[in-house]
Amino acid sequence: MTQTPRAFTEERERRDLMPWAARSAESAGRVRPEADGDPVRTAFQRDRDRIIHSKAFRRLKDKTQVFIAAEGDHYRTRLTHTLEVAQIARTLARALRLNEDLTEAIALAHDIGHTPFGHAGERVLDELVPGGFRHYEQSLRVCDVLERSQGLNLTQEVRDGIVSHTASGRPGTLEARLVHLADRIAYVNHDIDDALRAHIIQERDLPTGPIRLLGERHSQRIHALVLAVLAQSAGEPQAAMREGEAQALEELRQFLFQRVYFGSPPKREEKKAEGLLRQLYLFYREHPEHLPEQSAPGDEGVRDYCAGMTDHFAISQYARFFLPRPWPPEE
Ligand code: MG
């Protein structure tokens, strides 16, 4: 009997991946048991496909990364950020002989529950939602409950990676740890690139120590940081970055906080975005009849709806409920 593509991949995982890598055939399974006769894809590959085909994934195209409703066509969105994270994470996973498919699935879903308007949106929901709001918990809720009205029924390994991709999380797999590193490598570098493009900073403003160590160009820096993870992790059951480069990356991140994330002119638009989302949240709480039919009751449903919005949709709903329209309506 000829081997199925899936059996071939599972066999290759058993043979070629490091002993400490996650193996799809040994997955802890799905939340709800389901028949799995896929002859082509492994469990982690199916998770990746479920995520890519979800509506929440498509909405990432119109969610702010750092610059709200960016005028230029070349600024990152939450979707292109996600793709950059996935690409860096896959490069790391393949080089370290960890599970590339698991890494990719976690990376593609890691920000899927992010609010509109980036961290400004997250701050507003955190303040209004009873018990607070964290985008990584919402990402898991999107995958477990909200998509396809009963969730995507992902494997435990992908779920664990989604909910623990931040610094404080304790992921159960090295693949999840790689996504966390890739997230940081991606956003620090592309936020520098976008801030340069927006003339918020100049090349000469960048701190000299990290630039000397990592390189003057965007691509050189990403390459140096990838090599620093490989140097620290190859042949070891760990996923970490060499100390010198980790410090340089942290220094660049602090620079972004000081010069870009707070107080820069485009960031001042965030106050307006916060006010807009706050008013929408309070409006839907008073008028649940405007929520989608299958919404959870009370604050839960309002949170799910507001968190799921794109920047554009939030602005259009605000206009619908709060801005006067000319009368009589035009034909
Ligand atoms: Mg991210």
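Tyrosine 318 is found in helix α15 (residues 311–322), where helices (H or I, at least four residues) are DSSP runs numbered from the N terminus. The structure is a predicted model, in which local features need pLDDT of at least 70 and side-chain atom pairs count only at pLDDT 80 or more, while totals for chains, interfaces and linings use all residues. Residues are numbered from 1 along each chain as its sequence is written, and side-chain values use heavy atoms, with hydrogens and water left out.

Leaving aside residues up to four places away in sequence, tyrosine 318 touches Leu276, Gln279, Leu280 and Leu323, a contact being heavy atoms within 4.5 Å. Phenylalanine 283 is 35 residues from tyrosine 318 in sequence, and their C-alpha atoms are 9.6 Å apart in space. One aromatic cluster is formed by Phe283, Tyr284, Tyr305, Phe313, Tyr318, Phe321 and Phe322.

A pair of aromatic rings is described by the distance of the centres and the angle of the planes. Here, rings of Phe, Tyr and Trp (its six-membered ring) pair if their centres lie within 6.5 Å; planes under 30 degrees apart count as stacked, over 60 as edge-to-face and the rest as tilted. By this rule there are nine aromatic pairs. One of them joins tyrosine 284 and tyrosine 305 edge-to-face, with 5.3 Å from centre to centre and 85 degrees between the planes. Because tyrosine 284 lies in helix α13 (residues 269–286) and tyrosine 305 in helix α14 (residues 298–308), the pair ties together parts that are 21 residues apart in sequence. Both tyrosine 284 and tyrosine 305 are buried, that is, under 20% relative accessible area, against over 50% for exposed and in between for partly exposed (1.4 Å probe, protein chains only).

Helix α14 also takes part in a helix crossing. The axes of α7 and α14 come within 12 Å and cross at roughly 105 degrees; axes are lines fitted to C-alpha atoms, for helices over the stretch in contact, and angles run from 0 to 180 degrees between N-to-C directions. The two helices, α7 and α14, are therefore roughly perpendicular to each other. For this wording, angles under 35 degrees count as roughly parallel, over 145 as roughly antiparallel, 65 to 115 as roughly perpendicular and the rest as oblique. Gln138, Arg141 and Leu146 in α7 meet Glu300, Arg303, Asp304 and Ala307 in α14. By class, this contact of α7 with α14 has two nonpolar, one polar and four charged residues, with Ala, Val, Leu, Ile, Met, Phe, Trp, Tyr, Cys and Pro counted as nonpolar, Asp, Glu, Lys and Arg as charged, and the others, Gly among them, as polar.

Helix α4 (residues 78–95) and helix α5 (residues 100–109) have axes that come within 9 Å and cross at roughly 160 degrees, which makes α4 roughly antiparallel to α5. The crossing of α4 past α5 is right-handed; a crossing is left-handed if the near helix is turned anticlockwise from the far one by less than a right angle, and right-handed if clockwise. On the α4 side the contact is made by Thr82, Leu83, Val85, Ala86, Ala89, Arg90, Ala93 and Arg94, and on the α5 side by Glu100, Thr103, Glu104, Ala107 and Leu108. Seven nonpolar, two polar and four charged residues make up the contact of α4 with α5. In the loop between α4 and α5 sits arginine 97, which is partly exposed, with a relative accessible area of 42%. Not counting residues up to four places away in sequence, arginine 97 touches Asp16, Leu17, Met18 and Ala21.

The axes of helix α9 (residues 174–197) and helix α12 (residues 243–261) come within 10 Å and cross at roughly 40 degrees. Helices α9 and α12 are therefore oblique to each other, and α9 passes α12 in a left-handed crossing.

Finally, two loop residues deserve a mention for their backbone. Histidine 199, in the loop between α9 and α10 (208–214), has a positive phi of about 60 degrees although it is not a glycine. Histidine 199 is exposed, with a relative accessible area of 63%. Serine 149, whose phi is near 60 degrees, lies in the loop between α7 (135–146) and α8 (156–163).
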